[in-house]
Amino acid sequence: MAIEIPLLILLVLTAAGAILVKDLIAAVLILGSYSFALALVWALVGAVDVAFVEAVVGAGLATVFFLLTLFRTNEKDRQIRRPPVPWTAIVGLPLLGLLLLFGAGDLPTFGDVNSPASTHISPVYLESSLEDTRTPNVVTAVLMDYRSFDTLVETIVIFTAGIACALLLRKGGS
Amino acid sequence: MIQPHDSAIVRTLGRIIIPVSQLFGIYVLMFGQYGPGGGFVGGVVFAASMIMAILIFGVDSTDSNLARKILHGDGVGLLIFAGVGGLCLIGGGQFLNYSYLQIPNLDEPSQHFVGILLTQIGVAVDVAVTGVSIAISLSFEEDVTRSEEASNG
């Protein structure tokens, strides 16, 4: 419990910093540190696979891609000219936040055994995945066996992204 | 095009860190069924190591040979994944139902184990190739006009 409060403060600070800072390269680096703090939060609540992906993709690969993109731009494109915030946003967004907090009051508490998420199909996976697939990591068993169609389409999405980037950016390249 | 880095510290440390991170990527891929990780993360770690080789030694260097060669594997990962599904179809079952993988001397859970391992390798290859491909695409110069003249002339 002691480490959660500083982590959440760090998350809010890095998220606000990434939005407020003028220089885009600084914003990208702050966003990387935000992803790393978020990975620590995931690891703290026990979602180790999500934490791994967040640390590797969010803090590692996405930061490198953002930086490589920024190096292709001009100097003046890396500075943000931010228009003044309209008063509707100043009034409306806190109200929306209050509404979300009000809705979050009805959510089941973390680790609640009677919540719908942990009574419907999760017990089936947890109890039978080892006998079904000889795979001790339930997340891998769900991703690659029970829900392998989703993973296949996800792989197609990644493949399409690579093809699109090559078609758009490698003009005249070999 | 990305020029090689001229700092001796970066180049020397890169020579040590790149093989270690490649080994770590393969470890994460192969032990994804026992611990955290799996095909996606293993592929990303492997791609990150090769992007590091490109950033440190440049695209044209012999040290980033592997990164340039791996570009020829575009689509192979997807082919492995969908091919496992096709093998299940050939075996008489549904697409991606690993119980119908025709592997002799294996009971049904072990067939699922092999199916998960093969599809994970497919995802890892796909993600690694795509990561390196996007990095190389982004590192091309934006000098479009000159290259268009070159291609037209």
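Start at Gly46(A), the residue with a positive phi, near 95°, that follows helix α2 of chain A; helices here are DSSP runs of H or I with at least four residues, strands are runs of E with at least two, and both are numbered from the N terminus. What is open in the viewer is a predicted model, in which local features need pLDDT of at least 70 and side-chain atom pairs count only at pLDDT 80 or more, while totals for chains, interfaces and linings use all residues. Residues are numbered from 1 along each chain as its sequence is written, and chains are lettered from A, with ligands numbered from 1, in the order in which they are written.

**Back along α2(A)**

Select residues 24-44 of chain A, which form helix α2 with 21 residues. The end C-alpha atoms of this helix are 30 Å apart, in agreement with the 30 Å that it should span at 1.5 Å a residue, where the expected span is 1.5 Å times one less than the number of residues. Among the buried residues of α2(A) are Val28(A), Leu31(A), Tyr34(A) and Leu38(A); a residue is called buried if 20 or more other C-beta atoms, placed from the backbone, lie within 10 Å of its own, exposed if 12 or fewer do, and partly exposed in between.

Within α1 (residues 4-20) of chain A, pick Gly17(A). Gly17(A) is partly exposed, because 16 other C-beta atoms lie within 10 Å, and its C-alpha atom is separated by 7.2 Å from that of Ala27(A), 10 residues apart along the chain.

Colour chain A by its domain assignment, which gives domain 1 (1-80) and domain 2 (113-174), with bounds that come from an automatic or database assignment. The C-alpha centres of the two domains lie 24 Å apart.

Now select residues 148-169 of chain A, helix α8, whose 22 residues reach 32 Å from the first C-alpha to the last, close to the 32 Å expected. The buried residues here are Ser148(A), Thr151(A), Leu152(A), Thr155(A), Ile158(A), Phe159(A) and Gly162(A). They lie on the same side of α8(A) because they cover an arc of only 120° around the axis, the arc being that of the directions from the helix axis to the C-beta atoms. The face turned away from this buried side carries exposed residues, including Phe149(A), Asp150(A), Val157(A) and Leu168(A).

Which elements cover the buried residues of α8(A)? They include α7 (138-146) of chain A together with α4 (76-90) and α5 (108-138) of chain B.

**Where the chains touch**

Display both sides of the contact, which takes 42 residues from chain A and 48 residues from chain B, two residues being in contact if their C-beta atoms, placed from the backbone, lie within 7 Å. On the side of chain A, α3 (48-71), α6 (122-133), α7 and α8 each give two or more residues, and α8(A) provides the largest share, 13 residues.

**Across to chain B**

Chain B has six helices and zero strands, and its C-alpha atoms fill a box of roughly 55 × 45 × 20 Å, taken along the principal axes. Of its 153 residues, 41% are buried.

Finish at Val59(B), in the loop between α2 (39-57) and α3 (65-70) of chain B.
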